Amino acid sequence: MTASILNLPQYRNQLGRQIVAETPETNKPDLKNGFPIHDLGDGSMISGHVDGEELVLVRRGDEFFAIGAHCTHYGGPLAEGLIVGDTVRRPWHHACFSLRNGEALRAPALDPVPCWRVERLGDKILVREKASPPAPKRGTEGPSSVVIVGGGAAGLAVVYCERSSKSPSKSVK
Ligand code: FES
């Protein structure tokens with residue numbers, strides 16, 4: 001059990017690349033050239049690419065967001081996700097990402113998705129340069145011990161986060 005937990009990020013990324021590689025290519029718009037606002041309804045998203053990177057453009061009211069196309073858990077397509085407020089929630093294992101900065105807000109995703117700056121120009125939304133990723137959060141306070149029931153993706157994510165913490169709990173050292 002210890003070896004698989006220590007290699008969790010490597011395993012996760014490897015599996016994510018396999019899933020992405022199996023995803024069939026489709027004709028997706030180059031969002032650097034802009035996308036018509038009237039073609040993107042409130043609460044919907046469109047897949048596209050910029051500079052060879054896949055991303056999704058999301059509309060929430062009069063706000064627009066551009067984030068990476070693939071979940072950082074096992075690489076699932078974010079375009080299948082559900083927009084809730086300023087987050088996108090994944091149907092596979094319920095990870096949640098901020099549309100504003102790409103931060104992974106809920107396990108089992110641990111890493112943020114990339115974000116791009118967007119600009120409204122006339123009746124189009126253009127995706128511009130990539131934004132800086134959010135700084136990782138490190139808790140300074142928490143329980144002295146944790147009991148994890150079950151060994152699924154969420155349980156492994158808790159172990160991984162605890163081990164990465166500056167003050168890990170006693171039970172998961
Ligand atoms: S692949 Fe996204 S939550 Fe697992």
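A residue counts as buried under 20% relative accessible area, as exposed over 50%, and as partly exposed in between (1.4 Å probe, protein chains only). This is a predicted model, in which local features need pLDDT of at least 70, side-chain atom pairs count only at pLDDT 80 or more, and totals for chains, interfaces and linings use all residues. Residues are numbered from 1 along each chain as its sequence is written, and side-chain values use heavy atoms, with hydrogens and water left out.

**View 1. Two cysteines are buried.** Cys-96 is buried, with a relative accessible area of 3%. Cys-115 is buried too, at 5%. A disulfide is a covalent bond between the sulfur atoms of two cysteines. Here a disulfide is taken as a pair of cysteine sulfur atoms within 2.5 Å. By this rule, the count is zero.

**View 2. Six strands build an open sheet.** Helices (H or I, at least four residues) and strands (E, at least two) are DSSP runs, numbered from the N terminus. Two strands pair if DSSP finds at least two bridges between them. The sheet order is S1-S10-S9-S4-S3-S2, with antiparallel pairing. Strands S1 (35–36) and S2 (45–50) stand at the edges; each has a single partner strand, so one side of each lacks a neighbour in the sheet.

**View 3. S3 meets S4 in the antiparallel sense.** S3 covers residues 53–60, and S4 covers residues 63–68. Six bridges join the two strands. At one of these places, Val-58 has Phe-65 in S4 as its bridge partner. Strands of a sheet pair through backbone hydrogen bonds, either parallel or antiparallel.

**View 4. Ile-37 sits in the loop between S1 and S2.** What is the relative accessible area of Ile-37? The value is 8%, so Ile-37 is buried. A contact means heavy atoms within 4.5 Å. Not counting residues up to four places away in sequence, Ile-37 touches Arg-59, Phe-64, Arg-120, Gly-122, Asp-123, Lys-124 and Ile-125. Ile-37 and Arg-120 are 83 residues apart in sequence, yet 8.7 Å apart in space, C-alpha to C-alpha.

**View 5. Two stretches have pLDDT below 50.** pLDDT is the predictor's confidence in each residue, from 0 to 100. The protein's mean is 81, and 75% of its residues reach 70 or more. Over residues 1–6, pLDDT stays under 50, and the model has five contacts beyond four places in sequence. Residues 17–24 are also below 50, with five contacts beyond near neighbours in sequence.
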